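Please keep the sequence and the coordinates in view while reading.

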Amino acid sequence: MGRAVNRRIVDVRLVNIRDFARGARKTTDDRPYGGGDGMVMKPGPVFRALKSVDRVNGLSNVVLLSPQGTTFDQATAWELSRWDQLILVCGRYEGVDERIRLTSIDRELSIGDYILSGGELAAMVVIEAISRLRPGVLGGERSNLEDSFGDGLLEYPQYTRPKVFQGKEVPSVLLSGDHEKIRLWRRKESLKRTLERRPDLLQKARLSTEDKAILGTLQEDI
Ligand code: 4HQ
């Protein structure tokens with residue numbers, strides 16, 4: 001993300017909701033109507049904070065980070081990477097007043113089924129996942145398609161020097177110089193890992209005829 005910011009690929013700005021709170025206390029939270037534990041973010045400060053942001057006409061999207069959102073995944077990252085401006089709303093406490101959702105939010109995203117103290121780390125996860133998809137942000141010339149999840153499969157095992165480490169050898173095929181054999185081995189390992197660890201991903205994965213044939217042999221082995 002730092003590289004992306006330095007190279008002007010993305011611009012990250014922080015708006016502190018508390019700066020839009022009123023009164024001597026500058027309170028951003030209040031007790032929930034109907035009673036119950038915890039506090040709720042007052043709608044006024046959030047609304048005014050949002051109003052203060054200069055909008056990029058028609059190419060701006062307001063996202064609320066919350067455990068009630070749809071799960072953020074690589075497809076969502078690609079989708080969001082096409083907007084010119086994202087306004088990520090991070091709540092604290094038990095969440096924001098429902099009327100913020102109703103008046104000001106385009107979509108609600110969760111980074112996973114666990115509870116954070118605030119949406120800020122979730123927003124940073126979203127920013128990092130999206131930044132690296134903007135053209136020109138990768139270190140090398142490696143395309144994002146080659147990447148993990150580019151085709152919806154888990155990555156094959158990676159090895160570098162030395163040839164033997166803690167008694168474990170690098171698979172001989174990787175030293176063979178036979179590029180077609182290496183490609184096939186890697187594809188099989190990707191499919192094997194996905195089948196073993198994340199069979200749910202195979203549904204959405206982009207599989208070729210060759211992939212389906214390899215999967216067939218893997219399922220025979222079980
Ligand atoms: N939050 N994915 C904000 C999360 C969360 C998540 C907890 C967000 C509390 C107020 N956000 N509230 N998981 O746990 O995005």
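Which polar backbone atom is 3.0 Å from a nitrogen atom of the ligand? The backbone atom belongs to Tyr114. The ligand, taken alone, exposes 360 Å², and the protein buries 96% of that; accessible areas come from the Shrake-Rupley method with a 1.4 Å probe, and for residues only the protein chains shown count as cover.

This is a predicted model, in which local features need pLDDT of at least 70 and side-chain atom pairs count only at pLDDT 80 or more, while totals for chains, interfaces and linings use all residues. Residues are numbered from 1 along each chain as its sequence is written, and side-chain values use heavy atoms, with hydrogens and water left out.

Two further backbone positions face ligand nitrogen: a polar backbone atom of Gly112 is 3.1 Å from a nitrogen atom of the ligand, and for Ser66 the corresponding distance is 3.5 Å. The shell around the ligand comprises 17 residues, of which Ile111, Gly112, Tyr114, Leu116 and Ala122 come nearest (a residue is near a molecule if one of its heavy atoms lies within 4 Å of it). By class, the shell holds nine nonpolar residues, seven polar and one charged; here Ala, Val, Leu, Ile, Met, Phe, Trp, Tyr, Cys and Pro count as nonpolar, Asp, Glu, Lys and Arg as charged, and the others, Gly among them, as polar. At least two shell residues come from each of β3 (60–71) and β5 (107–110), and β3 gives the most, with three. Strands (E, at least two residues) and helices (H or I, at least four) are DSSP runs numbered from the N terminus.

In soluble globular proteins, nonpolar side chains tend to be buried together. The largest nonpolar core has 13 residues, and Leu65, Phe72, Ala77, Leu80, Leu109, Val126 and Ile130 touch the most other members. Such a core is a set of buried Ala, Val, Leu, Ile, Met, Phe, Trp, Tyr and Cys residues joined through side-chain atoms within 4.5 Å, where buried means under 20% relative accessible area, exposed over 50% and partly exposed in between (1.4 Å probe, protein chains only). The largest share of this core, five residues, comes from α5. A second, separate core of twelve residues includes Val46, Leu50, Leu64 and Ile100.

Tyr156 lies in the loop between α5 (120–131) and β6 (164–165). With a relative accessible area of 21%, Tyr156 is partly exposed.

Notes:
Polar contact = N/O pair within 3.5 Å; in protein donor to acceptor, adjacent residues only side chain to side chain.
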